[in-house]
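Visitor: I've got a model open and I'd like to learn how to read it. Could you walk me through it?

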Amino acid sequence: MRNAVVRFFGLALLLFAFLPARRAWGWIDTGHKLVAMVAWDELTPAARARVIELLKQHPRYEKDLLAGLPAGADEQAAARHAFATAATWPDMVKSQGHPMHFAANHPEWHYIDIPYRPEGGADPSAQPKPPGEANKPGPHDIVEALAKNMDDLRNASTPAADKAVALCWVLHLGWDIHQPLHTITLISPQFPDGDKGGNAFLVLRDPPYLNTLMNLHLIWDSLPGNYKSDAPIGYLAAGLRNDANLSRERMKDVLAVKDFAAWARESHALAVEYAYLNGTLHGAVAQRGGQAAPNEQVPGLPPGYLQNAERIAFRQIALAGHRIADLLNATFDSK
């Protein structure tokens, strides 16, 4: 039985690793739901009531936001479930089979490519855009998308259904912007066109085991775990909120930062230090299909890498939850 489980997870890792090297659109659902559950417990009663009623106006409330609701769940549990699931909704619509795909899918909203050049170069605060991209109607990146959706939430003339969709995006992007690899692209002789937030940067997650080959972005997406039911995610969220090191008091200085662009720069700095180890992390280039070149030796993550990455990821989850709660309380509780 144990060997079968090992083979299963090895195959799953390989399937993930061999996906095309393109932009991933967010943490695995667990990260999004953890942040939402941290925020949920910090909403004021007035803000929570308004958020619940707003989500009920979502065009796919019952089919999408209540999907997976445990049988026998009471009204409060259903509301909490819908709120947590709303944080994953922008990833649902990436499927062309989703009825709202062509109206609501915005791949460019999930990230911002702030360049990182370990060998020096242009100002890292500048975000290059492909030719013609800057002339397209915005938002062009996660910073602009967060601002746009917050404006939609605050605007009294925004239809209720559109506000509900905007709320899903705020919950989702408020977390994506705290994922360090959503705010960076490594530019180097090995990656002259950028590594797409680690999507093109291959390593062995658990060297020397070859079946743990993964791209760096997926490794960071996977750090919060991959739970499917509400209960374990709720336990983890409660643990984060009760951790003194992740408390609002401990984070009061960084919580005073309200600018979305500043949030992106914070995450970018974390990516430089902890994801790329200040330019010392070695990886292989993902070829077409997400694989390494034939006979290329893929480096492994160094000792202690994942322990530090996990610590950063869970700190970012708590911080994102606090910040999202602050945004929603300020928007929906005007007392």
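Visitor: How many aromatic pairs does the structure hold?

Guide: A quick word on the ground rules. This is a predicted model, where local features need pLDDT of at least 70, side-chain atom pairs count only at pLDDT 80 or more, and totals for chains, interfaces and linings use all residues. Residues are numbered from 1 along each chain as its sequence is written, and side-chain values use heavy atoms, with hydrogens and water left out. Now, rings of Phe, Tyr and Trp (its six-membered ring) pair if their centres lie within 6.5 Å; planes under 30 degrees apart are stacked, over 60 edge-to-face, and the rest tilted. The structure holds seven such pairs. Tyr116 and Tyr276 make a tilted one, 6.0 Å centre to centre with 45 degrees between the planes.

Visitor: Where in the chain do Tyr116 and Tyr276 sit?

Guide: Helices (H or I, at least four residues) and strands (E, at least two) are DSSP runs, numbered from the N terminus. Tyr116 is in strand 1 (residues 115-116), while Tyr276 is in the loop between helix 13 (260-275) and strand 5, so the pair links parts of the chain 160 residues apart.

Visitor: And what about the rings of Phe191 and Phe201?

Guide: Their centres are 5.5 Å apart and their planes at 20 degrees, so that pair is stacked. Ring pairs link Tyr116, Phe191, Phe201 and Tyr276 into a cluster.

Visitor: Is Tyr116 buried or exposed?

Guide: Buried means under 20% relative accessible area, exposed over 50%, and partly exposed in between (1.4 Å probe, protein chains only). Tyr116 is buried at 10%, and Tyr276 is buried at 1%. Phe191 and Phe201 are both buried too.

Visitor: In what order do the three strands of the open sheet run?

Guide: Two strands pair if DSSP finds at least two bridges between them. Here the order is 4-3-5, with antiparallel pairing. Strand 3 (residues 201-204) and strand 4 pair over three bridges, with Val203 opposite Met214. Strand 4 (213-215) and strand 5 (284-285) are at the edges with a single partner strand each, so one side of each has no neighbour in the sheet.

Visitor: Which residues touch the most other members of the largest nonpolar core?

Guide: A nonpolar core is a set of buried Ala, Val, Leu, Ile, Met, Phe, Trp, Tyr and Cys residues joined through side-chain atoms within 4.5 Å. The largest has 64 residues, and those touching the most other members include Phe83, Trp89 and Leu328. Helix 9 (residues 160-176) gives the largest share, 10 residues. Apart from that core lies another, of 34 residues, with Tyr116 among them.
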